[in-house]
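Hi,

Here is the structure I promised to pass on. Have a look at it first, then read my notes below.

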Amino acid sequence: MKRFLILISVALFLLLIVGGYAQKQVVLNVWSSPDNADALQDIAQRFMQKYPNIKVQVTPISWEVLYPRMLADVASGTGAFDVATWDVMTAGAVAKGFVDLNEFRKQNPDLVDPNWDMKDFDPTIWHIAGMWAGKNIGIPFYCNTMLFYYRKDLFNDSKLKAEFKKMFGKDLKVPKTWEETVEVAKFFTKKFNPNSPTEYGIALMFPRTHTLFYMYLLYFAPYRRSQEGLKKWGPVDLDYGDYFTSDKKPAFNSPEGVKALETMKALMPYSPDPLGSDYGETLEYFARGTVAMVPQWTGVWATFKTSSALQPIDKKVGVAVMPGGHSVSGNWALGLNIASKNKREAFMFIQFATNKENDKIKFIKYGVAPSRLSTVRDPEVRKADPRVSVFLQTIKTQSHRPRIPEEPKLEDVTVGVFSEILMGKRPNTVEELNKLAEQWMNILSGK
């Protein structure tokens, strides 16, 4: 009997030990946009090796689902996720659901990595992918921006150069303005040049979605950010973006706004299905050799490197600054859910995922654009990816979408109007854009 009681006591002791150990196991739920997921899963593996008592589960969720699901969790405070990637344009809408990391650092100094180096981030990137209303609601993770990809081999072809010279009376070169792009796109479209090696000149994505909302800025920003534009509308507010004047009123209801849409329409005949194509389609058009040029995000490089039609990639694919000189930002940040029950562990993961080492690794291995200045200045990184120098030029002059809470409603009414203008169902006039601007002011005033 005594022996039996001893065995029972030992068993209970072991259960307590095992139970206590199990309680120490923390599971972090990380919600990620698909383009960040592979890199985050790789980082999570190394994090778990370093901290075996913390399990990190990375769940890829499409943008269309991630944003509303995040908003629902922010509204309910259920804490379904601990860490999430949030898109630059959603900052104002999701801000109330994320921890102010500056305050968290002050309250938890024991967790702060002294080598993490906050000053290693570009100030503009830090603001748009980290700050809202004076609070640090995230850390820049994916410094996405749009670059201009072109078929280097075709632009260097002597026969094509001679033919272009004969057709347009000028040299064939990578376009620096959208007006030049129209001519080059026409030249590389078989319908207008039977000798073109590509079916179309350029791949455009103007669908009636959020894509059209950001694509418009590629054509409007050259006016908005010109000397005349800055004099007319004032400097760009990083929260309201290039759609607005410095005093937070619409800027697109102007002759310049009309011209931007005219340029978009002028390019459409030289693109396969511009109103029906989106990210995936335009990526494939270029990867298969259907088009000679495409404005696209940084994440496409991995696909281009595996495309048989684009090999050897260093000979066939060139990367340039966007015609007109202004891209559009598409940054993603890592934020800590204010309703998380594992804030300390979640902070540790965010800090680890965004340190200098992982910023470099995720770019070299997965093409997830770097957020740190040290990464883009690294000789190994520059050698590994020919886009780095162009990327550095681009982020200095890129345009920005609104980050304010009203952004989804502004986007919704805008893509409807722009789409109908591009289809010819509405006139492309200042008067028509004034009607849209009036809708914007009603939304901003809460009407």
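One term before anything else: a residue is buried if its relative accessible area is under 20%, exposed if that area is over 50%, and partly exposed in between, using a 1.4 Å probe and protein chains only. Next, keep in mind that this is a predicted model, where local features need pLDDT of at least 70 and side-chain atom pairs count only at pLDDT 80 or more, while totals for chains, interfaces and linings use all residues. Residues are numbered from 1 along each chain as its sequence is written, and side-chain values use heavy atoms, with hydrogens and water left out.

Most residues other than glycine have a negative phi, and most peptide bonds are trans. With 45% relative accessibility, Asp273 counts as partly exposed. You'll find Asp273 in the loop between H12 and H13. (Helices, H or I and at least four residues, and strands, E and at least two, are DSSP runs numbered from the N terminus.) Lys248 is another non-glycine with a positive phi, about 65°. Lys248 sits in the loop between H11 and H12 and, at 35% relative accessibility, is partly exposed. There is also a cis peptide bond, between Gln311 and Pro312, with omega about -5°. Pro312 belongs to the loop between helix H14 (301-306) and helix H15 (313-316).

**Strands**

Two strands pair if DSSP finds at least two bridges between them. Look for an open sheet of four strands in the order E8-E9-E7-E10, with mixed pairing. Which strands stand at its edges? They are E8 (200-202) and E10 (317-320), each with a single partner strand, so one side of each has no neighbour in the sheet. From one strand to the next, the twist averages 25°. E8 and strand E9 (residues 291-297) run parallel and are joined by two bridges; Tyr200 has Val291 in E9 as its bridge partner.

Two helices lie across this sheet. For these, contact means heavy atoms within 4.5 Å; axes are lines fitted to C-alpha atoms, for helices over the stretch in contact, with angles from 0 to 180 degrees between N-to-C directions. Helix H9 (residues 178-187) lies across strand E7 (146-151), E8 and E9, and runs at about 140° to E9. Helix H13 (residues 279-287) lies across E7, E9 and E10, also at about 140° to E9.

Elsewhere, strand E1 (residues 26-32) has five of its seven residues buried, so the rest of the structure largely encloses it. E1 runs parallel to strand E2 (residues 54-60), with seven bridges joining them. Leu28 is opposite Val56 in E2.

**Charged pairs**

A salt bridge is a side-chain nitrogen of Lys or Arg within 4 Å of a carboxyl oxygen of Asp or Glu. How many are there by this rule? The count is 22 salt bridges. Here are some to look up:

- Asp42 pairs with Arg46, with the closest N and O atoms 2.7 Å apart. They are four residues apart in helix H2 (residues 34-50), about one helical turn. Asp42 is buried at 14%, while Arg46 is partly exposed at 23%.
- Lys170 and Glu183 form a salt bridge at 3.0 Å, N to O. Lys170 is in the loop between H8 and H9 and Glu183 is in helix H9, so this pair ties together parts 13 residues apart in sequence.
- Glu256 and Lys232 also meet in a salt bridge, at 3.0 Å, N to O. Glu256 is in helix H12 (residues 255-267) and Lys232 in helix H11 (residues 227-233), so parts 24 residues apart in sequence are tied together.
- Arg208, Glu420, Arg426, Glu432 and Lys435 are linked in a salt-bridge network.

**A charge without a partner**

Asp122 lies in the loop between helix H5 (101-107) and helix H6 (123-128). Asp122 is buried yet has no salt bridge, and Arg377, the nearest side chain of opposite charge, is 7.4 Å away. (Lys and Arg count as positive, Asp and Glu as negative; His and the chain ends are not counted.) What does the side chain of Asp122 reach? It reaches the backbone nitrogen of Thr124, at 3.0 Å. That is a polar contact: a pair of N or O atoms within 3.5 Å where, within protein, one must be able to donate a hydrogen and the other to accept it, and residues adjacent in sequence count only if both atoms are side-chain atoms. Leaving aside neighbours within four places in sequence, Asp122 is in contact with Ser371 and Leu373.

Cheers

Definitions and conventions:
Lys and Arg count as positive and Asp and Glu as negative; His and the chain ends are not counted.
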